[in-house]
There are 2 protein chains.
Amino acid sequence: MDFQLKAHDASGRLATFSTTHGTITTPTLLPVINPNKMLITPTEMRRRFHTDILITNSYIIFKDPRLRQTALDHGVHRLLHFTGAIMTDSGTFQSHVYGDVHLDPIQIVEFQRDIKTDIGTILDIFSEPHHTRLEAEDGMTTTIQRAAASLPHKGPMMLACPVQGGLYPDLRTRCAQSLSQLHADVYPIGGVVPLMETQRYTDLTMVIVASKQGLDPSRPVHLFGAGHPLVFPLAAALGCDLFDSAAYAKYAADDRYILPWGTEKLPDLSDLPCSCPICSKYAAEDLQDMTGEERVRTLALHNLYISYAELRTIRTAITEGWLWELVEQRASMNPFLSDAVRYLQEPSTHLFLEAHEPQSKTRALRYTGPTTIFRPTLQRYHQHLLTRYNPLFSTTLVIPERTKPFSRSYAQLASMLSKLMADIVVDSSLGPVPLALDEMYPCAQSIFPDHVDLETRQETNRRLKEFLKSQTVLHWTPEGGLPTTLLGPADDLDVRRIRAVADMQFGLGAAASLFSGKVNIQKSKATQKIRTVSVDGDHVVSMRAEDGLFTLKIAGAHRLHAALPAPHLRVTIQDDAIPFVLDGKSVFAKFVESCDPDLRPGDECLIVDGHDTLIGVGRLLLSPDEAAAFSVGVAVKPRETTPVQATPGHKV
Amino acid sequence: MDFQLKAHDASGRLATFSTTHGTITTPTLLPVINPNKMLITPTEMRRRFHTDILITNSYIIFKDPRLRQTALDHGVHRLLHFTGAIMTDSGTFQSHVYGDVHLDPIQIVEFQRDIKTDIGTILDIFSEPHHTRLEAEDGMTTTIQRAAASLPHKGPMMLACPVQGGLYPDLRTRCAQSLSQLHADVYPIGGVVPLMETQRYTDLTMVIVASKQGLDPSRPVHLFGAGHPLVFPLAAALGCDLFDSAAYAKYAADDRYILPWGTEKLPDLSDLPCSCPICSKYAAEDLQDMTGEERVRTLALHNLYISYAELRTIRTAITEGWLWELVEQRASMNPFLSDAVRYLQEPSTHLFLEAHEPQSKTRALRYTGPTTIFRPTLQRYHQHLLTRYNPLFSTTLVIPERTKPFSRSYAQLASMLSKLMADIVVDSSLGPVPLALDEMYPCAQSIFPDHVDLETRQETNRRLKEFLKSQTVLHWTPEGGLPTTLLGPADDLDVRRIRAVADMQFGLGAAASLFSGKVNIQKSKATQKIRTVSVDGDHVVSMRAEDGLFTLKIAGAHRLHAALPAPHLRVTIQDDAIPFVLDGKSVFAKFVESCDPDLRPGDECLIVDGHDTLIGVGRLLLSPDEAAAFSVGVAVKPRETTPVQATPGHKV
């Protein structure tokens with residue numbers, strides 16, 4: 001099992017997944033191949049779509065004496081003429097469609113192993129949405145038993161064990177936990193096709209989140225039967241890595257033309273609203289004039305081009321940090337999906353999402369509509385404001401949105417405000433922004449329109465009130481002038497800024513420890529922005545231009561380590577790994593013992609040994625649960641180490 | 001000039017536009033060809049993109065002795081090796097970029113005529129966004145003078161006269177009116193490139209709406225220099241028919257990769273988030289490995305594939321009636337565009353939009369977010385409710401949303417409610433829906449999520465209150481039971497339904513005239529929905545299954561004609577056309593004398609002569625301003641005529 005995370009956004013991840021038939025990049029799509037009837041052959045798929053993994057059905061091969069013999073003699077790769085990775089399903093979906101299939105659960109796993117599938121699947125029990133709790137629990141128990149019984153027979157094959165449990169979130173989570181303890185290779189989420197067929201996306205979301213909450217985060221998650229691109233962005237944002245599409249062929253057979261935002265009937269189209277090679281070549285009437293196999297095949301090609309492009313869009317969005325924007329945009333075209341995105345605001349779901357959300361992104365956050373303000377990033381920002389922001393004065397001056405950064409009068413205003421004995425807060429579209437935080441992600445790195453919706457305004461008002469609750473509040477308007485009664489000596493805005501950012505980023509008390517002593521702030525000559533901060537001659541932190549957050553230097557790490565008790569900011573590693581880290585090597589996930597649960601992917605962290613001795617400082621590349629669970633890949637990129645103090649095994 | 005409208009949605013239109021080099025379907029894109037440097041040749045464009053019209057610059061050809069001679073000797077089509085339609089620009093844009101160009105305005109028009117351009121352009125004065133009112137007015141006056149002076153020289157060429165006037169809406173409208181009186185062939189909207197370059201989409205919207213308000217609706221409108229697909233849906237929804245793209249090449253030269261929702265820098269991309277033939281063939285790194293001309297050309301091809309696909313998407317959206325959905329979805333990805341969509345709620349803009357919006361669409365209306373409730377369709381519905389809906393009782397019972405149509409208990413509920421001596425109104429996500437209107441567009445033909453945003457809820461609450469203001473109101477909840485004090489004899493819901501729909505569709509008083517006498521309602525056996533209504537034995541109306549609105553039969557037309565005074569529902573035609581209409585032929589736009597300004601494209605209308613004698617009944621295919629302005633194409637499809645009474649020239 002070699003599954004390595006390369007980038008995070010939302011709760012989604014970009015990863016590489018190695019098989020004996022090549023390494024694939026996830027999230028990706030596995031087109032379904034019917035071994036009896038290949039509408040598009042695997043060879044053509046490879047040529048047209050760069051298909052590097054597909055899925056076929058071992059039950060169909062098993063039932064057909066000719067296919068079965070060829071597969072056993074030459075392997076499933078030869079049977080399908082495909083050199084990439086092959087996953088097989090087991091007949092479970094057939095049991096959902098046709099009722100019971102007569103099959104021995106172990107025999108079908110052994111068969112998959114014998115035909116040299118890369119990833120086989122156990123014969124799990126499909127849990128129907130209408131199942132009672134008892135039925136769902138029964139099926140789940142059988143699924144877990146079969147997983148336990150099947151795993152010893154998998155041989156060199158990877159084995160997928162689907163999470164079941166119907167619409168009962170606790171059952172889904174329990175099932176996921178039990179399966180995770182069995183160390184399967186891939187975890188599909190099963191029993192969801194009926195939900196997607198009826199556009200029950202809120203239920204689908206509930207099922208995915210509940211399953212993910214119990215699953216080992218180091219294994220790929222497959223959303224079984226998800227073939228319409230409409231669900232891909234949301235499912236990927238919830239942490240699904242693999243999708244499989246029979247839809248491309250099924251929809252084509254039914255004259256249905258797939259779009260990222262829905263489905264059209266081919267006869268209804270006067271133009272082809274798509275840029276794919278099929279739609280760029282043909283006019284709508286060309287397709288409508290086709291008949292039989294040619295028509296179905298051509299439509300299926302379109303459907304696959306669109307589906308693969310949506311996966312590339314998702315991977316781009318993860319790398320660049322705009323997956324939520326993509327999810328919200330897709331939801332705007334489908335009211336049922338829109339309800340599902342609303343469901344993400346539920347507290348339990350929100351907690352799951354926040355735990356995986358990176359602290360900062362390479363792209364500015366963009367407003368798409370009323371759900372933006374409830375994104376994990378903005379909820380977390382507000383939570384940190386309440387718990388980590390320390391006002392300097394007991395009076396707060398609230399200034400309206402349009403005087404915030406980027407407005408022309410801002411520089412003047414800021415210099416005037418620096419003479420006020422008051423804390424200054426901008427009443428902005430993303431909530432209250434203290435002046436000292438206005439260069440920190442997400443405050444400066446966000447794009448809101450002039451006119452946001454009423455719900456956003458109401459929510460930001462609520463947040464402003466909550467933030468100001470114990471303060472004396474004055475409101476300032478451009479016409480009103482400044483309250484001269486509060487004039488004091490000019491204040492150093494830069495010092496306010498570094499102190500506020502340090503507490504927001506590392507926790508309350510961080511500023512006090514980092515900046516005690518003689519502080520020297522170096523600024524960029526070009527931009528006048530803070531670059532580095534030294535204290536008593538030691539370079540403690542640098543401020544990143546792109547997100548206004550700090551990178552920690554070792555001198556800063558020592559200060560935080562001394563001031564903030566474990567497990568705060570800590571990644572604890574095994575002694576074996578220490579010499580490598582001291583040698584400048586990365587911290588591999590398998591050497592991580594534990595991790596501060598408040599850390600997020602991309603965060604600065606303190607690398608310590610089992611006795612909380614500081615080894616170094618670096619950047620965490622995983623979420624804490626991933627860092628603990630993964631046995632391959634890099635967990636922390638060290639920046640600096642402390643060669644003197646750290647000797648493995650010796651407490652200092 | 002042969003420009004014919006085929007379909008309407010929002011204020012956008014699908015049309016055919018004939019030139020001596022072929023008929024094109026609009027909205028469409030004219031790629032810009034630089035005659036000195038063809039990154040992609042017109043031949044390749046034709047092959048790859050089915051390009052049937054392009055634009056080049058006559059000023060560049062004029063300035064280059066070799067190009068000039070070839071163009072004069074063999075024509076511009078031979079110069080570019082292109083057999084489709086060619087439009088030329090005049091050097092105005094060069095004056096914007098480089099300052100004054102030394103060119104005689106008449107000479108450049110004659111030159112364009114002499115090189116046999118299909119559509120030439122006058123040398124107008126580019127109005128810059130920073131122009132003062134005086135500067136803008138000066139430039140506008142010169143532009144109008146030059147148009148007047150140039151038109152006599154155009155020969156067989158069509159001539160485009162751009163609307164200028166800077167950011168002053170009254171100047172834009174005045175300029176458009178003056179140019180319209182000169183009967184040019186095409187009306188570009190000029191001076192907008194700087195607005196698009198700085199994403200000032202609200203200003204762009206204001207400029208387009210102000211220009212359109214003064215323009216002859218029978219001529220194609222070209223948004224000059226609009227090359228990024230981001231603006232296409234909104235501009236098309238405001239009635240722009242032609243776009244031109246130099247962006248495909250300029251962006252490519254700058255390593256920029258165009259997407260329908262924005263732009264990416266090629267080096268930033270780890271995947272290609274697009275389905276076009278380029279992005280389906282190459283990986284991101286393949287493009288990044290290319291250098292020089294190959295890289296620019298390949299990026300330019302992608303940029304054009306994406307741009308053409310967006311135009312096809314727009315044409316599909318117009319045909320199927322989801323152009324607003326497309327506009328709102330695109331706006332959700334760009335905060336500046338989002339502000340522009342908000343601007344459409346301004347009363348003056350709204351009036352313009354409502355005047356062109358069809359009464360009903362083939363697709364259900366879909367919620368995309370907080371701007372949906374302000375769409376022209378939903379604002380008009382509410383306006384009609386206030387002015388045309390006639391409650392039967394002075395007490396109104398308000399029932400909550402989730403008991404509205406499609407909920408399971410609805411049929412039972414409806415039968416119970418029919419015994420109440422109260423008017424019954426559903427408090428729904430699109431505003432108040434009286435029970436009698438719940439099968440009429442847009443009430444039944446709309447899809448809202450369970451959770452709409454607060455702004456929508458507040459607006460629908462406001463509409464409910466406004467609607468109920470003179471009523472005694474009772475609120476019903478599923479738990480509360482029915483107010484038995486109001487129980488009366490069972491009421492005929494069908495009669496309520498036909499009366500309410502008739503008044504909403506045709507105006508207050510329509511029901512009284514249509515249904516006075518012995519009413520017989522025929523229903524579909526399969527669906528139990530109303531199909532036809534006869535009164536005193538005459539079939540007066542049929543109810544359409546798709547939108548719950550009526551089609552008028554001639555007996556109904558007579559009743560409405562007698563009851564509602566002119567110009568209500570009338571399309572007045574010239575006497576010459578009457579024999580053709582009586583013969584079952586369509587009413588061509590050139591025979592339309594006048595038209596009730598309250599009619600909308602797709603509406604039922606009364607065809608009358610100059611003395612208000614009823615000739616027939618039919619369906620209006622244009623908006624009233626279009627019906628009056630167009631001299632080609634069909635204005636009304638007659639359904640039935642009145643052969644007996646109507647004799648041309650004789651008043652009955």
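User: How many residue pairs are in polar contact across the interface of chain A and chain B?

Analyst: The model is predicted. Across the interface of chain A and chain B, 31 residue pairs are in polar contact, with both residues at pLDDT 80 or more. On the chain A side, helix 13 (277-281), helix 15 (292-320), helix 16 (323-331), helix 17 (335-343) and helix 21 (454-468) each supply at least two of the residues that touch chain B. Helix 15 of chain A gives the most, with 9 residues. By class, this side of chain A has 23 nonpolar, 14 polar and 17 charged residues.

User: What area do chain A and chain B bury between them?

Analyst: The accessible area lost when the parts come together is often used to give the size of an interface. Here chain A and chain B bury about 4,600 Å² between them, and 51% of that lies on carbon and sulfur atoms. Of the area that chain A buries against chain B, 13% is supplied by A:R312, A:Q329 and A:M333, more than by any other three residues. The contact takes 54 residues from chain A and 53 residues from chain B.

User: How many salt bridges are there between chain A and chain B?

Analyst: Side chains of opposite charge can pair when their charged atoms come close. The count between chain A and chain B is 4 salt bridges. One of them pairs A:D271 with B:R315, at 3.0 Å from N to O. In another salt bridge, B:E264 meets A:R363, with the closest N and O atoms 2.6 Å apart. This pair joins two chains, because B:E264 lies in strand 13 (residues 262-265) of chain B and A:R363 in the loop between helix 18 (347-354) and strand 14 (365-366) of chain A. B:E264 counts as buried because its relative accessibility is 5%, whereas A:R363 is partly exposed at 25%.

User: Which residue forms a salt bridge with A:D170?

Analyst: The partner of A:D170 is A:R133, and their closest N and O atoms are 2.4 Å apart. A:D170 lies in helix 8 (residues 169-181) of chain A and A:R133 in helix 7 (residues 133-150) of chain A, so the pair ties together parts that are 37 residues apart in sequence. A:D170 is partly exposed, at 36% relative accessibility. A:R174 and A:E137 also meet in a salt bridge, at 2.9 Å from N to O. A:R174 is in helix 8 of chain A and A:E137 in helix 7 of chain A, 37 residues apart. Over all chains, the whole structure holds 75 salt bridges.

User: Which residues of strand 6 of chain B lie on one side and which on the other?

Analyst: In a regular strand the side chains alternate between the two faces of the sheet. In strand 6 of chain B, B:A85, B:M87 and B:D89 lie on one side and B:I86 and B:T88 on the other, and all are buried. Strand 5 (residues 53-57) of chain B runs parallel to strand 6 of chain B, and 5 bridges join them. B:D89 is the bridge partner of B:N57.

User: Why does B:A627 count as buried?

Analyst: B:A627 counts as buried because its relative accessibility is 0%, and buried means under 20%. B:A627 is found in helix 26 (residues 624-629) of chain B. Leaving aside residues up to four places away in sequence, B:A627 touches B:A589, B:V592, B:C595, B:L620 and B:L622.

Conventions:
Residues numbered from 1 in each chain as written. Chains lettered and ligands numbered in written order. Predicted model: local features only at pLDDT ≥ 70, side-chain atom pairs only at ≥ 80, totals over all residues. Heavy atoms only, no water. Contact = heavy atoms within 4.5 Å. Buried area = accessible area lost by both parts, 1.4 Å probe. Salt bridge = Lys/Arg side-chain N within 4 Å of Asp/Glu carboxyl O. Polar contact = N/O pair within 3.5 Å; in protein donor to acceptor, adjacent residues only side chain to side chain. Helix = DSSP H or I, 4+ residues; strand = E, 2+ residues; numbered from the N terminus. Nonpolar A, V, L, I, M, F, W, Y, C, P; charged D, E, K, R; others polar. Buried < 20%, exposed > 50% of the residue type's maximum accessible area, 1.4 Å probe, protein only. Pairing = 2+ DSSP bridges.
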